[in-house]
Amino acid sequence: MTERQLHIKYLEYFSASKLPSPDRELLESAVSAADGAYARYSLFRVGAAVRMSNGEVVIGSNQENAAYPSGLCAERTALFYASARYPKESVEAIAVVAVDENGVLSELTYPCGACRQVMAEYEMRAGRDIKIIVGSAGAVQVFTGVKSLMPFIFDNLA
Ligand code: THU
């Protein structure tokens, strides 16, 4: 038996103003995207913004439904549309934030497992890591590749 360990590296910024400008702008797009959330049931409003390899930014927000599982997270709303709109491009980065009912930034909100799995698929498809930027009022964390958030991912493409 061998005990193995995994180390996860990520960057933490204590002010969004310190991010490289394309990432700061992506985060700002995620904040405005949260305006479009339809979060009638949870009141938890999430915004996401995806930057593609051609520089185009696609936004998404969570869209809920009376039949709860029919709703979709902000990240997948954005990723699916980005891939549908720019099928030949790859996903470079995604920024995610949550805001409260008053539009004030909430604590760091990490993508759920299903959204991580979807990111993993696009990483595998394009053969490149996606930069994942998670923002709050107090801190911004930047992860390189979904493996930093979800190791031992299911991969059936090999
Ligand atoms: N949600 C997202 O949109 N993204 C996340 O990363 C976490 C959760 C949504 C789903 C649901 O509409 C609401 O937040 C509460 O879970």
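User: How exposed is Leu43, and what is its relative accessible area?

Analyst: Happy to start there. The model is predicted, so local features need pLDDT of at least 70 and side-chain atom pairs count only at pLDDT 80 or more, while totals for chains, interfaces and linings use all residues. Residues are numbered from 1 along each chain as its sequence is written, and side-chain values use heavy atoms, with hydrogens and water left out. Buried means under 20% relative accessible area, exposed over 50%, and partly exposed in between, using a 1.4 Å probe and protein chains only. Leu43 has a relative accessible area of 46%, so it is partly exposed.

User: Where is Leu43 found, and what is its phi near?

Analyst: Most residues other than glycine have a negative phi. Leu43 has a positive phi, near 60°, and is found in the loop between helix 1 and strand 2 (45-52). Helices (H or I, at least four residues) and strands (E, at least two) are DSSP runs, numbered from the N terminus. Phe152 also has a positive phi, about 55°; its place is in the segment after strand 6, and at 77% relative accessibility it counts as exposed.

User: Which residues are around the ligand?

Analyst: A residue is near a molecule if one of its heavy atoms lies within 4 Å of it. Around the ligand are Ser42, Phe44, Val46, Asn62, Glu64, Cys73, Ala74, Glu75, Thr109, Tyr110, Pro111 and Cys112.

User: Which atoms of Glu64, Ala74 and Glu75 lie by an oxygen atom of the ligand?

Analyst: A polar contact is a pair of N or O atoms within 3.5 Å; within protein, one must be able to donate a hydrogen and the other to accept it, and residues adjacent in sequence count only if both atoms are side-chain atoms. In Glu64, a side-chain N or O atom is 2.5 Å from a ligand oxygen. For Ala74 the atom is a backbone N or O, at 2.8 Å, and for Glu75 a polar side-chain atom, at 2.6 Å.

User: Which residues of helix 1 are buried?

Analyst: They are Asp23, Leu26, Leu27, Ala30 and Ala33. Seen down the axis of helix 1, these buried residues fall within an arc of 115° and so line one face of the helix. That arc is taken from the directions from the helix axis to the C-beta atoms.

User: Is Ser148 buried or exposed?

Analyst: Ser148 counts as buried, at 11% relative accessibility. A polar atom of its side chain lies 2.9 Å from the backbone oxygen of Thr144.
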